[in-house]
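Dear colleague,

I am handing over the structure below for your records.

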Amino acid sequence: MSNPQTTSQPTRLDVIVVGAGFGGMYAVYKFREMGYDVTGIEAGGDVGGVWYWNRYPGARCDLMSVDYSYGFSDEIQQEWSWSEQFAAQPEILAYANFVADRLDLRKSFRFNTRVTSAIWDEAGKLWRATTDRGEVIEAPFCVMSTGPLSIPKDPDIPGLDRFKGQLLRAQKWPHEPVDFAGKRVGIIGTGSTGIQIVQEVGRKAGELFVFQRTPSWTLPMRNHDLEPDYIAEMKKHYPAMREAMRMNPTGGTRPVSTRPFFSLPPSQRQDVMEHAWQDGGHTFLACFSDLLSNQEANDQVADFVRAKIGQIVEDPKAAEALKPRGYPIFARRPCLDTEYYETYNLPNVHLMDCLTDPIVEITETGIRTEVGETELDMLILATGYDALTGALLAIDLRGRDGRLLRDKWASGPRSFLGMMVEGFPNLFATSGPNGPAALANLITIAENDVDWVANLIEHMKAEGLASAEVTKAAEDRWMNLVLALAERSLVRKAKTWWVGSNVKGKPEGLTMFVGGFNKYREHCEAAAASGYADLSFEKALEKV
Ligand code: NAP
(Lines give C-alpha, C1' and ligand atoms only; values in the text may rest on other atoms or scores of the structure.)
Protein backbone atom coordinates (compact mmCIF):
# COMPACT_ATOMS: atom_id res chain seq x y z
CA MET A 1 0.00 0.00 0.00
CA SER A 2 1.53 3.29 -1.03
CA ASN A 3 1.02 6.32 1.16
CA PRO A 4 0.84 9.56 -0.78
CA GLN A 5 3.12 12.23 0.69
CA THR A 6 3.17 15.95 0.03
CA THR A 7 5.18 15.97 -3.15
CA SER A 8 5.04 17.39 -6.63
CA GLN A 9 5.42 13.85 -8.03
CA PRO A 10 2.00 12.29 -8.64
CA THR A 11 1.17 9.33 -6.44
CA ARG A 12 -0.13 6.40 -8.47
CA LEU A 13 -2.96 4.28 -7.05
CA ASP A 14 -5.61 1.93 -8.38
CA VAL A 15 -8.62 3.67 -6.82
CA ILE A 16 -9.19 7.13 -5.34
CA VAL A 17 -12.13 7.37 -2.95
CA VAL A 18 -13.36 10.81 -1.94
CA GLY A 19 -15.09 11.01 1.45
CA ALA A 20 -14.91 9.14 4.76
CA GLY A 21 -18.60 8.97 5.53
CA PHE A 22 -20.29 5.59 5.58
CA GLY A 23 -20.06 5.32 1.78
CA GLY A 24 -16.36 6.17 1.58
CA MET A 25 -15.43 3.99 4.54
CA TYR A 26 -17.05 0.95 2.96
CA ALA A 27 -15.58 1.77 -0.47
CA VAL A 28 -12.04 1.96 0.91
CA TYR A 29 -12.50 -1.29 2.82
CA LYS A 30 -14.02 -3.09 -0.16
CA PHE A 31 -11.34 -2.08 -2.68
CA ARG A 32 -8.55 -2.78 -0.21
CA GLU A 33 -9.97 -6.26 0.43
CA MET A 34 -10.03 -6.83 -3.32
CA GLY A 35 -6.30 -6.15 -3.38
CA TYR A 36 -6.38 -2.69 -4.93
CA ASP A 37 -4.14 0.15 -3.92
CA VAL A 38 -6.74 2.59 -2.64
CA THR A 39 -6.62 5.84 -0.70
CA GLY A 40 -9.56 7.75 0.71
CA ILE A 41 -9.37 11.53 0.87
CA GLU A 42 -11.45 13.36 3.43
CA ALA A 43 -11.80 17.06 4.28
CA GLY A 44 -12.70 16.31 7.91
CA GLY A 45 -10.29 15.30 10.62
CA ASP A 46 -11.57 11.73 10.92
CA VAL A 47 -14.19 9.26 9.72
CA GLY A 48 -17.96 9.75 10.02
CA GLY A 49 -18.89 12.22 7.28
CA VAL A 50 -22.00 14.16 8.20
CA TRP A 51 -21.83 12.64 11.70
CA TYR A 52 -18.30 13.97 12.14
CA TRP A 53 -19.41 17.55 11.38
CA ASN A 54 -22.96 17.70 12.78
CA ARG A 55 -22.30 17.77 16.52
CA TYR A 56 -25.11 20.18 17.34
CA PRO A 57 -27.20 19.54 20.45
CA GLY A 58 -29.96 17.03 19.76
CA ALA A 59 -28.41 15.63 16.54
CA ARG A 60 -29.89 12.20 16.01
CA CYS A 61 -30.75 9.89 13.15
CA ASP A 62 -34.42 9.40 12.42
CA LEU A 63 -33.88 5.98 10.91
CA MET A 64 -33.87 3.06 13.33
CA SER A 65 -30.31 2.40 14.50
CA VAL A 66 -30.39 -1.28 13.60
CA ASP A 67 -31.30 -0.26 10.04
CA TYR A 68 -28.87 2.64 9.85
CA SER A 69 -25.78 0.44 10.16
CA TYR A 70 -23.59 -1.69 7.94
CA GLY A 71 -24.75 -5.13 6.85
CA PHE A 72 -21.63 -6.18 4.94
CA SER A 73 -19.84 -7.65 7.95
CA ASP A 74 -21.59 -10.06 10.28
CA GLU A 75 -18.72 -9.69 12.78
CA ILE A 76 -19.35 -5.96 13.02
CA GLN A 77 -23.10 -6.25 13.46
CA GLN A 78 -22.64 -8.93 16.09
CA GLU A 79 -19.99 -7.00 18.00
CA TRP A 80 -21.76 -3.64 18.02
CA SER A 81 -24.87 -3.02 20.14
CA TRP A 82 -27.08 0.04 19.77
CA SER A 83 -28.43 1.61 22.94
CA GLU A 84 -31.47 3.40 21.51
CA GLN A 85 -34.11 2.85 18.85
CA PHE A 86 -32.96 6.11 17.18
CA ALA A 87 -29.29 6.72 17.92
CA ALA A 88 -27.87 10.14 18.77
CA GLN A 89 -24.90 11.62 16.91
CA PRO A 90 -22.27 10.69 19.54
CA GLU A 91 -23.28 7.03 19.33
CA ILE A 92 -23.33 7.03 15.52
CA LEU A 93 -19.90 8.66 15.43
CA ALA A 94 -18.68 6.11 18.00
CA TYR A 95 -19.99 3.40 15.66
CA ALA A 96 -18.10 4.90 12.70
CA ASN A 97 -14.97 4.98 14.85
CA PHE A 98 -15.55 1.40 15.98
CA VAL A 99 -15.79 0.27 12.35
CA ALA A 100 -12.68 2.29 11.40
CA ASP A 101 -10.72 0.72 14.28
CA ARG A 102 -12.05 -2.76 13.69
CA LEU A 103 -11.14 -2.68 9.97
CA ASP A 104 -8.03 -0.55 10.45
CA LEU A 105 -9.38 1.93 7.92
CA ARG A 106 -7.54 5.09 8.95
CA LYS A 107 -4.24 3.95 7.48
CA SER A 108 -5.94 4.10 4.05
CA PHE A 109 -7.27 7.64 4.46
CA ARG A 110 -5.80 11.10 4.22
CA PHE A 111 -7.77 13.39 6.52
CA ASN A 112 -7.91 17.20 6.61
CA THR A 113 -7.45 17.08 2.86
CA ARG A 114 -9.90 18.29 0.25
CA VAL A 115 -9.95 17.25 -3.39
CA THR A 116 -10.09 20.44 -5.42
CA SER A 117 -9.96 19.02 -8.93
CA ALA A 118 -10.21 15.68 -10.70
CA ILE A 119 -9.34 15.54 -14.38
CA TRP A 120 -9.60 12.60 -16.76
CA ASP A 121 -6.38 11.90 -18.63
CA GLU A 122 -7.45 10.32 -21.89
CA ALA A 123 -3.99 9.17 -22.91
CA GLY A 124 -3.18 7.56 -19.57
CA LYS A 125 -6.79 6.39 -19.00
CA LEU A 126 -6.72 7.67 -15.46
CA TRP A 127 -8.07 10.32 -13.12
CA ARG A 128 -5.66 12.94 -11.85
CA ALA A 129 -6.89 14.43 -8.57
CA THR A 130 -5.34 17.48 -6.94
CA THR A 131 -5.83 18.29 -3.27
CA ASP A 132 -5.76 21.55 -1.33
CA ARG A 133 -2.37 20.41 0.04
CA GLY A 134 -0.94 20.44 -3.44
CA GLU A 135 -0.75 16.67 -3.84
CA VAL A 136 -1.49 15.05 -7.16
CA ILE A 137 -2.91 11.55 -7.04
CA GLU A 138 -3.55 9.42 -10.12
CA ALA A 139 -5.67 6.32 -10.45
CA PRO A 140 -7.70 4.65 -13.19
CA PHE A 141 -10.79 4.73 -10.97
CA CYS A 142 -12.27 7.55 -8.92
CA VAL A 143 -15.18 6.96 -6.54
CA MET A 144 -17.01 10.00 -5.22
CA SER A 145 -18.56 9.18 -1.84
CA THR A 146 -19.03 12.86 -1.11
CA GLY A 147 -22.51 12.55 0.42
CA PRO A 148 -25.77 14.24 -0.53
CA LEU A 149 -25.63 16.57 2.48
CA SER A 150 -22.09 17.85 2.91
CA ILE A 151 -21.96 21.43 1.62
CA PRO A 152 -23.57 23.72 4.21
CA LYS A 153 -25.58 26.64 2.94
CA ASP A 154 -25.71 29.98 4.72
CA PRO A 155 -28.96 31.93 4.52
CA ASP A 156 -29.35 34.60 1.91
CA ILE A 157 -29.66 37.38 4.49
CA PRO A 158 -27.59 40.56 4.43
CA GLY A 159 -25.29 41.28 7.34
CA LEU A 160 -24.29 37.80 8.45
CA ASP A 161 -20.63 38.78 8.71
CA ARG A 162 -21.51 41.79 10.90
CA PHE A 163 -22.87 39.76 13.83
CA LYS A 164 -20.61 40.31 16.86
CA GLY A 165 -22.13 37.61 19.07
CA GLN A 166 -21.33 33.88 18.83
CA LEU A 167 -22.25 32.48 15.40
CA LEU A 168 -22.79 28.71 15.26
CA ARG A 169 -23.41 26.63 12.17
CA ALA A 170 -25.24 23.34 12.79
CA GLN A 171 -23.24 21.55 10.13
CA LYS A 172 -19.86 22.70 11.48
CA TRP A 173 -20.56 22.58 15.17
CA PRO A 174 -17.66 23.13 17.60
CA HIS A 175 -16.16 20.01 19.15
CA GLU A 176 -16.31 21.62 22.61
CA PRO A 177 -19.58 21.89 24.58
CA VAL A 178 -21.51 25.13 24.07
CA ASP A 179 -23.12 26.77 27.10
CA PHE A 180 -26.53 28.32 26.46
CA ALA A 181 -27.44 29.07 30.07
CA GLY A 182 -28.72 32.59 30.54
CA LYS A 183 -28.06 33.48 26.89
CA ARG A 184 -30.37 35.06 24.34
CA VAL A 185 -30.14 32.57 21.49
CA GLY A 186 -31.58 32.93 17.99
CA ILE A 187 -31.95 30.16 15.45
CA ILE A 188 -32.73 30.44 11.75
CA GLY A 189 -34.09 27.28 10.12
CA THR A 190 -36.75 24.79 11.13
CA GLY A 191 -35.96 21.76 8.98
CA SER A 192 -34.92 18.44 10.59
CA THR A 193 -31.79 20.10 11.98
CA GLY A 194 -33.51 23.18 13.39
CA ILE A 195 -36.25 21.11 15.01
CA GLN A 196 -33.71 18.92 16.78
CA ILE A 197 -31.82 21.98 18.03
CA VAL A 198 -34.95 23.86 19.17
CA GLN A 199 -36.27 21.00 21.29
CA GLU A 200 -32.88 20.68 23.00
CA VAL A 201 -31.71 24.30 23.31
CA GLY A 202 -35.17 25.59 24.27
CA ARG A 203 -34.76 23.77 27.56
CA LYS A 204 -31.27 25.20 28.18
CA ALA A 205 -31.15 28.77 26.88
CA GLY A 206 -32.12 31.88 28.79
CA GLU A 207 -34.35 32.85 25.84
CA LEU A 208 -34.68 31.10 22.51
CA PHE A 209 -36.00 32.94 19.44
CA VAL A 210 -36.94 30.59 16.60
CA PHE A 211 -36.99 32.37 13.24
CA GLN A 212 -39.28 30.16 11.18
CA ARG A 213 -40.01 30.78 7.52
CA THR A 214 -41.70 27.57 6.30
CA PRO A 215 -43.06 25.32 9.05
CA SER A 216 -42.02 21.67 8.63
CA TRP A 217 -44.11 18.61 9.28
CA THR A 218 -42.81 16.72 12.25
CA LEU A 219 -44.12 13.60 13.94
CA PRO A 220 -43.35 12.12 17.35
CA MET A 221 -40.22 9.98 17.35
CA ARG A 222 -41.06 8.15 20.61
CA ASN A 223 -37.48 7.07 21.02
CA HIS A 224 -36.62 4.48 23.65
CA ASP A 225 -33.73 2.41 24.96
CA LEU A 226 -33.17 -0.99 23.40
CA GLU A 227 -33.38 -3.78 25.97
CA PRO A 228 -30.60 -6.42 26.04
CA ASP A 229 -33.11 -9.19 25.19
CA TYR A 230 -34.29 -7.27 22.14
CA ILE A 231 -30.72 -6.70 20.96
CA ALA A 232 -29.83 -10.38 21.44
CA GLU A 233 -32.91 -11.45 19.49
CA MET A 234 -32.23 -8.95 16.72
CA LYS A 235 -28.64 -10.14 16.35
CA LYS A 236 -29.94 -13.64 15.66
CA HIS A 237 -32.04 -12.25 12.84
CA TYR A 238 -29.61 -9.85 11.21
CA PRO A 239 -29.18 -11.89 8.00
CA ALA A 240 -32.95 -11.99 7.41
CA MET A 241 -33.26 -8.31 8.32
CA ARG A 242 -30.58 -7.27 5.84
CA GLU A 243 -32.30 -9.31 3.15
CA ALA A 244 -35.62 -7.62 3.98
CA MET A 245 -33.92 -4.23 3.72
CA ARG A 246 -32.74 -5.06 0.21
CA MET A 247 -36.37 -5.75 -0.76
CA ASN A 248 -37.76 -2.63 0.91
CA PRO A 249 -38.52 0.69 -0.84
CA THR A 250 -36.87 2.65 1.97
CA GLY A 251 -33.92 0.30 2.42
CA GLY A 252 -35.02 -0.25 6.02
CA THR A 253 -36.79 -3.04 7.87
CA ARG A 254 -40.15 -1.37 8.40
CA PRO A 255 -42.64 -2.90 5.98
CA VAL A 256 -44.33 -0.46 3.62
CA SER A 257 -48.10 -0.73 3.34
CA THR A 258 -49.91 -1.84 0.22
CA ARG A 259 -53.24 -0.50 1.60
CA PRO A 260 -54.59 2.68 0.00
CA PHE A 261 -55.91 5.32 2.41
CA PHE A 262 -59.51 5.27 1.14
CA SER A 263 -59.75 1.48 1.26
CA LEU A 264 -60.70 1.89 4.92
CA PRO A 265 -63.91 3.47 6.24
CA PRO A 266 -63.47 6.93 7.88
CA SER A 267 -63.58 5.75 11.50
CA GLN A 268 -60.95 3.08 10.86
CA ARG A 269 -58.74 5.58 9.05
CA GLN A 270 -58.93 7.81 12.11
CA ASP A 271 -57.98 4.88 14.38
CA VAL A 272 -55.03 3.98 12.17
CA MET A 273 -53.78 7.58 12.17
CA GLU A 274 -54.16 7.83 15.93
CA HIS A 275 -52.23 4.57 16.31
CA ALA A 276 -49.51 5.87 13.98
CA TRP A 277 -49.22 9.09 16.00
CA GLN A 278 -48.99 7.18 19.29
CA ASP A 279 -46.60 4.57 17.87
CA GLY A 280 -44.23 7.25 16.57
CA GLY A 281 -41.42 7.06 14.06
CA HIS A 282 -42.34 6.73 10.41
CA THR A 283 -45.39 4.55 11.17
CA PHE A 284 -47.66 6.74 9.02
CA LEU A 285 -45.76 5.67 5.92
CA ALA A 286 -46.15 2.05 6.97
CA CYS A 287 -49.94 2.41 7.30
CA PHE A 288 -50.98 3.59 3.86
CA SER A 289 -49.56 3.04 0.41
CA ASP A 290 -50.64 6.21 -1.37
CA LEU A 291 -49.75 9.16 0.85
CA LEU A 292 -47.21 10.39 -1.67
CA SER A 293 -49.38 9.86 -4.73
CA ASN A 294 -52.97 10.66 -3.67
CA GLN A 295 -53.46 14.33 -2.80
CA GLU A 296 -56.79 13.72 -1.05
CA ALA A 297 -55.34 11.02 1.19
CA ASN A 298 -52.38 13.26 1.88
CA ASP A 299 -54.72 16.16 2.78
CA GLN A 300 -56.52 14.05 5.36
CA VAL A 301 -53.31 13.01 7.11
CA ALA A 302 -52.17 16.65 6.98
CA ASP A 303 -55.44 17.75 8.66
CA PHE A 304 -54.95 15.09 11.33
CA VAL A 305 -51.42 16.31 12.13
CA ARG A 306 -52.45 19.99 12.09
CA ALA A 307 -55.17 19.15 14.64
CA LYS A 308 -52.54 17.50 16.87
CA ILE A 309 -50.37 20.64 16.70
CA GLY A 310 -53.39 22.69 17.79
CA GLN A 311 -53.96 20.38 20.75
CA ILE A 312 -50.34 20.57 21.95
CA VAL A 313 -49.33 24.21 21.46
CA GLU A 314 -51.09 26.38 24.04
CA ASP A 315 -50.70 29.78 22.36
CA PRO A 316 -53.25 29.75 19.49
CA LYS A 317 -51.20 32.23 17.43
CA ALA A 318 -48.04 30.12 17.71
CA ALA A 319 -50.04 26.95 17.01
CA GLU A 320 -51.43 28.43 13.80
CA ALA A 321 -47.97 29.58 12.68
CA LEU A 322 -46.51 26.13 13.35
CA LYS A 323 -49.10 24.35 11.18
CA PRO A 324 -47.65 23.70 7.73
CA ARG A 325 -49.93 24.69 4.86
CA GLY A 326 -49.72 24.85 1.12
CA TYR A 327 -47.63 21.77 0.46
CA PRO A 328 -48.23 18.05 1.00
CA ILE A 329 -47.18 16.28 4.17
CA PHE A 330 -44.14 14.06 3.48
CA ALA A 331 -43.23 16.18 0.40
CA ARG A 332 -40.71 17.89 2.64
CA ARG A 333 -38.57 15.43 4.52
CA PRO A 334 -40.81 14.43 7.48
CA CYS A 335 -38.99 15.09 10.75
CA LEU A 336 -39.27 13.03 13.89
CA ASP A 337 -39.18 14.98 17.14
CA THR A 338 -39.25 14.63 20.87
CA GLU A 339 -41.62 17.19 22.36
CA TYR A 340 -40.82 19.80 19.71
CA TYR A 341 -44.25 21.40 19.80
CA GLU A 342 -44.29 21.24 23.62
CA THR A 343 -41.11 23.37 23.57
CA TYR A 344 -43.21 26.34 22.41
CA ASN A 345 -45.19 26.14 25.67
CA LEU A 346 -42.04 27.09 27.61
CA PRO A 347 -42.08 30.77 28.66
CA ASN A 348 -38.52 31.37 27.34
CA VAL A 349 -39.17 30.03 23.81
CA HIS A 350 -40.51 32.45 21.23
CA LEU A 351 -41.68 31.63 17.70
CA MET A 352 -40.77 34.41 15.27
CA ASP A 353 -42.98 33.93 12.23
CA CYS A 354 -40.92 35.12 9.25
CA LEU A 355 -43.82 34.60 6.86
CA THR A 356 -45.72 37.47 8.50
CA ASP A 357 -42.65 39.38 9.69
CA PRO A 358 -39.71 38.62 7.35
CA ILE A 359 -36.07 38.95 8.37
CA VAL A 360 -34.58 42.13 6.90
CA GLU A 361 -30.96 41.79 8.01
CA ILE A 362 -28.55 40.47 10.57
CA THR A 363 -27.06 43.27 12.62
CA GLU A 364 -24.06 43.49 14.94
CA THR A 365 -26.31 42.68 17.86
CA GLY A 366 -29.05 40.44 16.51
CA ILE A 367 -31.71 40.00 13.83
CA ARG A 368 -33.83 42.80 12.44
CA THR A 369 -37.22 41.90 11.01
CA GLU A 370 -39.71 44.30 9.47
CA VAL A 371 -41.26 44.84 12.90
CA GLY A 372 -38.07 45.39 14.90
CA GLU A 373 -34.76 44.04 16.18
CA THR A 374 -34.26 41.01 18.44
CA GLU A 375 -31.01 41.26 20.36
CA LEU A 376 -29.03 38.04 20.57
CA ASP A 377 -25.89 36.73 22.28
CA MET A 378 -25.76 33.70 20.00
CA LEU A 379 -27.07 32.93 16.53
CA ILE A 380 -27.46 29.37 15.26
CA LEU A 381 -27.76 28.71 11.54
CA ALA A 382 -29.67 25.55 10.64
CA THR A 383 -30.23 26.64 7.06
CA GLY A 384 -29.46 23.40 5.26
CA TYR A 385 -27.24 22.34 2.41
CA ASP A 386 -26.42 22.71 -1.23
CA ALA A 387 -27.60 19.12 -1.37
CA LEU A 388 -27.21 16.19 -3.76
CA THR A 389 -24.97 17.92 -6.32
CA GLY A 390 -23.18 20.54 -4.18
CA ALA A 391 -20.16 18.44 -3.15
CA LEU A 392 -19.58 17.05 -6.65
CA LEU A 393 -19.84 20.43 -8.31
CA ALA A 394 -17.54 22.02 -5.73
CA ILE A 395 -14.75 19.97 -7.32
CA ASP A 396 -13.31 21.06 -10.65
CA LEU A 397 -14.37 17.81 -12.30
CA ARG A 398 -13.42 17.41 -15.95
CA GLY A 399 -14.14 14.36 -18.06
CA ARG A 400 -13.40 13.49 -21.67
CA ASP A 401 -12.18 16.44 -23.79
CA GLY A 402 -11.91 18.59 -20.67
CA ARG A 403 -15.69 18.76 -20.31
CA LEU A 404 -16.73 20.21 -16.94
CA LEU A 405 -19.33 18.34 -14.90
CA ARG A 406 -20.64 21.77 -13.89
CA ASP A 407 -21.41 22.47 -17.56
CA LYS A 408 -22.92 19.08 -18.22
CA TRP A 409 -25.19 19.52 -15.19
CA ALA A 410 -26.02 23.18 -15.87
CA SER A 411 -29.73 22.27 -16.13
CA GLY A 412 -29.61 19.63 -13.40
CA PRO A 413 -27.79 16.38 -12.70
CA ARG A 414 -27.87 13.59 -15.30
CA SER A 415 -26.37 10.18 -14.73
CA PHE A 416 -26.98 6.47 -15.05
CA LEU A 417 -28.26 4.92 -11.79
CA GLY A 418 -26.88 7.97 -9.99
CA MET A 419 -23.48 6.30 -10.34
CA MET A 420 -21.99 6.94 -13.80
CA VAL A 421 -21.99 10.00 -16.03
CA GLU A 422 -21.68 9.98 -19.81
CA GLY A 423 -18.44 11.72 -20.78
CA PHE A 424 -16.79 10.84 -17.46
CA PRO A 425 -15.26 7.37 -17.81
CA ASN A 426 -14.30 5.40 -14.69
CA LEU A 427 -15.88 8.02 -12.44
CA PHE A 428 -18.42 6.72 -9.95
CA ALA A 429 -20.67 8.33 -7.37
CA THR A 430 -22.19 6.44 -4.46
CA SER A 431 -25.63 7.66 -3.28
CA GLY A 432 -25.55 10.00 -6.28
CA PRO A 433 -28.21 12.58 -7.17
CA ASN A 434 -30.21 10.38 -9.61
CA GLY A 435 -30.41 7.36 -7.37
CA PRO A 436 -32.77 6.99 -4.40
CA ALA A 437 -30.33 9.26 -2.47
CA ALA A 438 -32.11 10.85 0.47
CA LEU A 439 -35.38 8.98 -0.03
CA ALA A 440 -34.00 5.75 1.40
CA ASN A 441 -31.45 4.48 3.92
CA LEU A 442 -28.15 5.99 2.82
CA ILE A 443 -26.06 3.16 4.27
CA THR A 444 -28.07 0.54 2.36
CA ILE A 445 -27.71 2.57 -0.82
CA ALA A 446 -23.97 3.10 -0.30
CA GLU A 447 -23.37 -0.63 0.21
CA ASN A 448 -25.34 -1.41 -2.93
CA ASP A 449 -23.47 1.18 -4.98
CA VAL A 450 -19.98 0.28 -3.78
CA ASP A 451 -20.66 -3.42 -4.48
CA TRP A 452 -21.94 -2.56 -7.96
CA VAL A 453 -18.84 -0.49 -8.78
CA ALA A 454 -16.56 -3.18 -7.32
CA ASN A 455 -18.18 -5.85 -9.49
CA LEU A 456 -17.80 -3.67 -12.57
CA ILE A 457 -14.11 -3.09 -11.85
CA GLU A 458 -13.61 -6.82 -11.36
CA HIS A 459 -15.33 -7.42 -14.70
CA MET A 460 -13.03 -4.89 -16.36
CA LYS A 461 -9.97 -6.47 -14.82
CA ALA A 462 -11.03 -9.93 -16.00
CA GLU A 463 -11.69 -8.67 -19.53
CA GLY A 464 -8.60 -6.45 -19.76
CA LEU A 465 -10.60 -3.25 -20.07
CA ALA A 466 -9.16 0.16 -19.25
CA SER A 467 -12.22 2.35 -19.20
CA ALA A 468 -15.97 2.11 -18.82
CA GLU A 469 -18.39 4.86 -19.73
CA VAL A 470 -22.15 4.90 -19.76
CA THR A 471 -23.62 5.51 -23.20
CA LYS A 472 -25.68 8.63 -23.82
CA ALA A 473 -28.66 6.43 -24.74
CA ALA A 474 -28.52 4.58 -21.43
CA GLU A 475 -28.12 7.78 -19.43
CA ASP A 476 -31.10 9.31 -21.28
CA ARG A 477 -33.18 6.19 -20.65
CA TRP A 478 -32.44 6.27 -16.93
CA MET A 479 -33.19 9.98 -16.67
CA ASN A 480 -36.46 9.56 -18.57
CA LEU A 481 -37.50 6.92 -16.05
CA VAL A 482 -36.41 9.08 -13.08
CA LEU A 483 -38.30 12.10 -14.39
CA ALA A 484 -41.43 10.13 -15.35
CA LEU A 485 -41.66 8.64 -11.85
CA ALA A 486 -41.05 12.07 -10.32
CA GLU A 487 -43.99 13.49 -12.32
CA ARG A 488 -46.36 11.19 -10.42
CA SER A 489 -44.99 12.00 -6.98
CA LEU A 490 -46.31 14.65 -4.60
CA VAL A 491 -42.71 15.15 -3.46
CA ARG A 492 -42.10 17.64 -6.25
CA LYS A 493 -44.87 19.90 -4.92
CA ALA A 494 -42.85 21.38 -2.06
CA LYS A 495 -40.00 23.86 -2.20
CA THR A 496 -37.16 21.91 -0.60
CA TRP A 497 -33.59 20.76 -1.04
CA TRP A 498 -35.07 17.58 -2.54
CA VAL A 499 -35.92 19.65 -5.63
CA GLY A 500 -33.05 22.14 -5.31
CA SER A 501 -35.24 25.16 -4.63
CA ASN A 502 -33.36 26.06 -1.43
CA VAL A 503 -30.29 27.31 -3.33
CA LYS A 504 -30.58 30.50 -5.37
CA GLY A 505 -29.88 29.90 -9.08
CA LYS A 506 -29.85 26.10 -8.76
CA PRO A 507 -31.88 24.31 -11.45
CA GLU A 508 -35.11 23.06 -9.89
CA GLY A 509 -36.52 19.60 -10.37
CA LEU A 510 -36.98 16.27 -8.66
CA THR A 511 -34.05 14.24 -10.00
CA MET A 512 -33.93 11.52 -7.36
CA PHE A 513 -35.25 8.07 -8.21
CA VAL A 514 -38.57 7.92 -6.35
CA GLY A 515 -39.36 4.33 -7.34
CA GLY A 516 -37.97 2.90 -4.09
CA PHE A 517 -34.65 1.38 -3.11
CA ASN A 518 -35.78 -2.17 -3.96
CA LYS A 519 -36.59 -1.19 -7.56
CA TYR A 520 -33.37 0.80 -7.83
CA ARG A 521 -31.40 -2.25 -6.72
CA GLU A 522 -33.18 -4.35 -9.34
CA HIS A 523 -32.16 -1.85 -12.03
CA CYS A 524 -28.55 -2.02 -10.80
CA GLU A 525 -28.63 -5.82 -10.88
CA ALA A 526 -30.18 -5.88 -14.35
CA ALA A 527 -27.48 -3.54 -15.65
CA ALA A 528 -24.77 -5.91 -14.41
CA ALA A 529 -26.64 -9.04 -15.55
CA SER A 530 -26.82 -7.68 -19.09
CA GLY A 531 -23.01 -7.84 -19.22
CA TYR A 532 -22.99 -4.05 -18.76
CA ALA A 533 -24.74 -3.50 -22.08
CA ASP A 534 -25.36 0.16 -21.13
CA LEU A 535 -21.64 0.90 -20.98
CA SER A 536 -18.98 1.28 -23.62
CA PHE A 537 -15.51 -0.03 -22.82
CA GLU A 538 -12.01 0.58 -24.06
CA LYS A 539 -9.29 -2.06 -24.00
CA ALA A 540 -6.51 -1.73 -21.46
CA LEU A 541 -3.15 -0.31 -22.36
CA GLU A 542 -1.87 -2.07 -19.30
CA LYS A 543 -3.70 -4.19 -16.74
CA VAL A 544 -4.80 -2.55 -13.48
P1 NAP B 1 -33.41 22.05 5.44
O2 NAP B 1 -34.39 20.98 5.60
O3 NAP B 1 -33.05 22.49 4.08
O4 NAP B 1 -33.94 23.29 6.29
C5 NAP B 1 -33.34 24.54 6.19
C6 NAP B 1 -34.17 25.52 6.97
O7 NAP B 1 -33.56 26.80 6.91
C8 NAP B 1 -35.58 25.69 6.42
O9 NAP B 1 -36.46 25.82 7.50
C10 NAP B 1 -35.48 27.00 5.64
O11 NAP B 1 -36.68 27.67 5.47
C12 NAP B 1 -34.55 27.76 6.54
N13 NAP B 1 -33.93 28.88 5.85
C14 NAP B 1 -32.99 28.84 4.88
N15 NAP B 1 -32.70 30.09 4.48
C16 NAP B 1 -33.48 30.94 5.21
C17 NAP B 1 -33.65 32.33 5.26
N18 NAP B 1 -32.96 33.14 4.46
N19 NAP B 1 -34.54 32.85 6.14
C20 NAP B 1 -35.25 32.04 6.94
N21 NAP B 1 -35.14 30.70 6.94
C22 NAP B 1 -34.27 30.16 6.08
O23 NAP B 1 -32.01 21.69 6.17
P24 NAP B 1 -31.76 20.75 7.44
O25 NAP B 1 -32.73 21.02 8.51
O26 NAP B 1 -30.32 20.88 7.76
O27 NAP B 1 -32.06 19.31 6.91
C28 NAP B 1 -31.50 18.82 5.71
C29 NAP B 1 -31.65 17.33 5.67
O30 NAP B 1 -30.69 16.72 6.51
C31 NAP B 1 -32.97 16.79 6.17
O32 NAP B 1 -34.02 16.93 5.27
C33 NAP B 1 -32.60 15.35 6.45
O34 NAP B 1 -32.58 14.59 5.28
C35 NAP B 1 -31.18 15.50 6.97
N36 NAP B 1 -31.23 15.51 8.44
C37 NAP B 1 -31.66 14.38 9.05
C38 NAP B 1 -31.76 14.36 10.41
C39 NAP B 1 -32.26 13.13 11.07
O40 NAP B 1 -32.01 12.04 10.62
N41 NAP B 1 -33.00 13.28 12.11
C42 NAP B 1 -31.43 15.47 11.17
C43 NAP B 1 -30.98 16.60 10.52
C44 NAP B 1 -30.89 16.61 9.14
P45 NAP B 1 -37.49 27.52 4.07
O46 NAP B 1 -37.97 26.12 4.06
O47 NAP B 1 -38.54 28.54 4.12
O48 NAP B 1 -36.49 27.77 2.98
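A disulfide is a covalent bond between the sulfur atoms of two cysteines. It is counted here when two cysteine sulfur atoms lie within 2.5 Å. Please note that the model is predicted. By this rule, the number of disulfides in the model is zero.

Two cysteines illustrate the point. The cysteine sulfur closest to that of C61 belongs to C335 and is 13 Å away, so the two are too far apart for a bond. For C287 the closest cysteine sulfur is again in C335, at 19 Å, which is likewise too far for a bond.

The domain assignment divides the chain into domain 1, made up of 11-151 and 387-532, and domain 2, made up of 153-188, 196-214 and 346-384. The distance between the C-alpha centres of domain 1 and domain 2 is 33 Å. Their contact involves 13 residues from domain 1 and 14 residues from domain 2.

Between them, domain 1 and domain 2 bury about 1,200 Å², and carbon and sulfur atoms carry 55% of this area. On the side of domain 1, the residues that lose the most area to domain 2 are R55, Y56 and P57, which together account for 45% of what that side buries.

What polar links join the two domains? Five residue pairs are in polar contact between domain 1 and domain 2, whereas the count of salt bridges between them is zero. The side of domain 1 that touches domain 2 consists of seven nonpolar, three polar and three charged residues.

With kind regards

Technical notes
Residues numbered from 1 in each chain as written. Predicted model: local features only at pLDDT ≥ 70, side-chain atom pairs only at ≥ 80, totals over all residues. Heavy atoms only, no water. Domains from an automatic or database assignment. Contact = heavy atoms within 4.5 Å. Buried area = accessible area lost by both parts, 1.4 Å probe. Salt bridge = Lys/Arg side-chain N within 4 Å of Asp/Glu carboxyl O. Polar contact = N/O pair within 3.5 Å; in protein donor to acceptor, adjacent residues only side chain to side chain. Nonpolar A, V, L, I, M, F, W, Y, C, P; charged D, E, K, R; others polar.
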